[in-house]
Every structure is written in C-alpha cells, then in structure tokens.
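User: I'd like to go through the cavities and the aromatic contacts in this one. Can we start with the cavities?

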Amino acid sequence: MDKDILHITNGTHLTNYLKELDVAGTYLTWQEMLCEGPTLVQIDSKQFFDNRKNFLKSTYAIAINEEEIENELSILNQTENFSEIVLWFEFDLFCHINLLGVLKLLQERQINLPIYLVSSGRIEGEKNLKALTELPSDQLLLHYKNKVLLLESDMELARSIWHIYCGKDHNLLKPYIVQNSSFKYLSSCLKAHLKRFPNLKNGLGVLEKNILTIVRDEVVKSKGHLVGYALNFQGYYGYSDMQIHYIINTLSIFFDETENSIKLNRKGHEALIGLHNFAAEINNNMVYGGVNRLDFYFSTQRNELIKK
C-alpha cells in the first residue's frame with residue numbers, strides 16, 4: 001500500500017485552495033499566531049497550550065476549540081502512514097514563527113520523515129511579495145513541484161532560533177540573520193522582529209511608525225480604512241487585520257478621529273519626527289515569545305536591542 005503525503009498548511013484558506021486543486025495527501029491546518037504572546041520551548045505540553053489559550057482569550061477574545069485542535073494534532077500520531085511531510089508557509093514573520101513552532105513540535109514527536117518546505121514571496125515580474133493563496137493555480141503547483149528538502153542543518157537552525165525566541169535575550173538572533181539556510185526569507189523576518197520593539201528615539205516600532213506615516217500621508221476615512229492600508233504596507237510582518245486593529249487602538253493618542261476622517265494630532269507629528277520617546281504612553285507591552293516588548297528598546301545605531 002502506497003504511503004500518503006502529509007501537508008501542514010498555514011491556514012484554512014490555503015488548505016481549501018490545495019484541495020480544490022486536487023493536491024493529493026492528508027492535511028493538517030496549523031491555526032496559531034506564535035509571533036505574539038508567550039511561548040515555551042516545549043510545545044507538546046499542557047502548560048504551552050494553557051498559556052496560548054489564556055493569551056488568545058485575554059488579548060483577542062479568541063476561544064480555542066480544544067477538540068478541533070486535538071483532532072488536527074492527532075494526525076501526527078499516525079506518521080507511519082506517511083512517506084513525507086510538506087510544510088506550506090509564507091515569507092513573513094507571522095508564518096516563520098509558526099514554521100519554527102511546527103518544526104519544533106515534529107522534533108519533539110521524533111518524527112523521522114523527509115520534510116519539505118513550500119514558500120512564496122518574490123515572483124518574477126511582480127513588484128510586491130505574494131502569499132501562497134495569492135498565486136494562480138499554475139504558479140502554486142510549480143512552487144509545489146520545486147519544494148525544498150530541509151536538511152539536518154536547517155532543523156538545527158530552526159531549533160536554535162526557537163529556543164532563543166522563547167528566551168530572554170533576542171539579540172542572540174543577530175548571528176542567524178547572516179546564516180545561510182533553506183529558509184529563504186528568514187533573515188528578513190529576524191530583522192523585522194527586532195524592529196517590532198520600541199525605537200530608542202521615538203518609542204515606536206516599525207509597524208507603529210508605518211501606521212502613523214499612513215495617517216499623515218493618505219486620506220484615511222476610518223479605522224477600518226486604516227487597517228486596509230496598514231495590511232497592504234506591512235512588509236515582512238504578515239499580521240492579520242485583528243492584530244493591526246489592536247496596534248491601531250494602542251496608537252489612539254496620536255489621532256484626531258471624526259465621523260469621516262482620521263488625522264494626526266500634534267503628538268502624532270511629534271512622534272514621527274522623534275521629538276519624544278512615547279513608548280510608555282503607548283503602553284503596548286505585547287509579549288514576543290519569552291520577552292515583554294516594553295522591556296527593551298531597539299537602537300538603529302547599534303542595530304540591537306537595549307534593555308531598559
């Protein structure tokens with residue numbers, strides 16, 4: 001009897017797209033956002049699950065369907081039925097942190113199968129980076145045909161970065177920015193991660209600064225309108241509309257909002273020119289793996305995090 005292929009995808013949208021294209025195999029849909037909230041090195045544990053459940057509920061009012069998750073992950077108990085595993089994850093930070101988590105879980109389960117990666121990003125002839133679900137069917141299937149076999153060195157790299165992400169010193173990620181691997185976009189994602197922390201000069205992370213710049217330079221009619229702009233101009237972050245909306249709410253001290261418009265107030269202009277450090281006023285103390293956001297500043301001069 002021929003063995004099956006296990007596809008682990010980055011979300012329901014992609015899973016459904018692949019099934020529509022009759023890509024044969026068994027599907028496990030990974031529905032997490034490990035780029036935000038607390039994480040532990042040991043993923044396959046009750047404490048990890050409880051921490052994630054509490055974070056998602058308290059921060060985003062997301063109630064985890066425990067039975068659904070258990071059913072999905074139970075597929076990993078039947079790996080003797082599979083010949084290989086194909087991971088489908090994007091070019092962005094959101095997907096890369098999830099990818100690291102998936103690889104760590106596979107290692108914890110001691111699953112000894114060839115593991116391939118299908119990713120997307122830069123497409124010839126296209127200006128913007130493309131997600132897998134944005135690709136036409138022929139391009140997506142070509143990406144699948146050209147999937148990359150992950151080496152043992154890639155697995156070791158992923159494990160090391162996961163340990164650092166769950167730890168207290170994210171400056172330890174810096175050497176991995178210049179390390180070669182099969183993860184084509186990892187370097188850009190690690191650089192983007194460090195710039196999520198408040199800038200030493202103005203107290204804004206890159207996403208926050210981008211949002212204020214959009215409000216300054218564009219005609220913005222509502223928060224929903226601003227969310228759309230920010231989603232399209234977020235670079236390597238890959239945040240969802242829910243996450244962007246959360247950030248916009250933390251920036252409300254910089255806006256004058258009417259029924260039909262959002263404009264920068266004086267404080268917003270001062271933040272953009274770096275007149276003051278507004279990190280304490282914004283008070284966005286999101287947890288990234290093992291660290292609190294407000295415990296560090298990012299220094300552009302030194303290109304590293306500085307503990308407050």
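Analyst: Helix α8 (residues 206-217) contributes the most to the lining of the largest cavity, with three residues. Helices here are DSSP runs of H or I with at least four residues, strands are E runs of at least two, and both are numbered from the N terminus. A cavity is a set of points on a 1 Å grid over the protein atoms alone where a 1.4 Å probe fits but cannot get out, and lining residues have an atom within 4 Å of a point. The model is predicted, so local features need pLDDT of at least 70 and side-chain atom pairs pLDDT 80 or more, while totals for chains, interfaces and linings use all residues. Residues are numbered from 1 along each chain as its sequence is written, and side-chain values use heavy atoms, with hydrogens and water left out.

User: What volume does the largest cavity have?

Analyst: About 90 Å³, where a volume is the space filled by probe spheres set on the grid points, joined across faces, edges and corners. Of its 14 lining residues, R196, L207, I247, Y288 and R293 are the closest to the centre.

User: How does the lining of the largest cavity divide into nonpolar, polar and charged?

Analyst: Seven nonpolar, two polar and five charged. Ala, Val, Leu, Ile, Met, Phe, Trp, Tyr, Cys and Pro count as nonpolar, Asp, Glu, Lys and Arg as charged, and the others, Gly among them, as polar.

User: And what lines the second largest cavity?

Analyst: I8, L28, W30, L73, L76, V102, L105 and L106. That lining is eight nonpolar, no polar and no charged, and α4 gives the largest share, three residues. The space in this cavity is about 30 Å³.

User: Switching to rings. How many aromatic pairs are there?

Analyst: Ten. Rings of Phe, Tyr and Trp (its six-membered ring) pair if their centres lie within 6.5 Å; planes under 30 degrees apart are stacked, over 60 edge-to-face, the rest tilted. One of the pairs is Y60 with Y246, centres 5.5 Å apart and planes at 55°, so it is tilted.

User: Where do Y60 and Y246 lie?

Analyst: Y60 is in helix α2 (residues 46-60) and Y246 in helix α10 (residues 241-250), so the pair ties together parts 186 residues apart in sequence.

User: Is Y60 buried or exposed?

Analyst: Buried, with a relative accessible area of 10%; Y246 is partly exposed, at 25%. Buried means under 20%, exposed over 50%, partly exposed in between (1.4 Å probe, protein chains only).

Note on methods: On a 1 Å grid over the protein atoms alone, a cavity is a set of points where a 1.4 Å probe fits but cannot get out, and a pocket is an open set with protein on both sides within 12 Å along at least five of seven lines; lining residues have an atom within 4 Å of a point.
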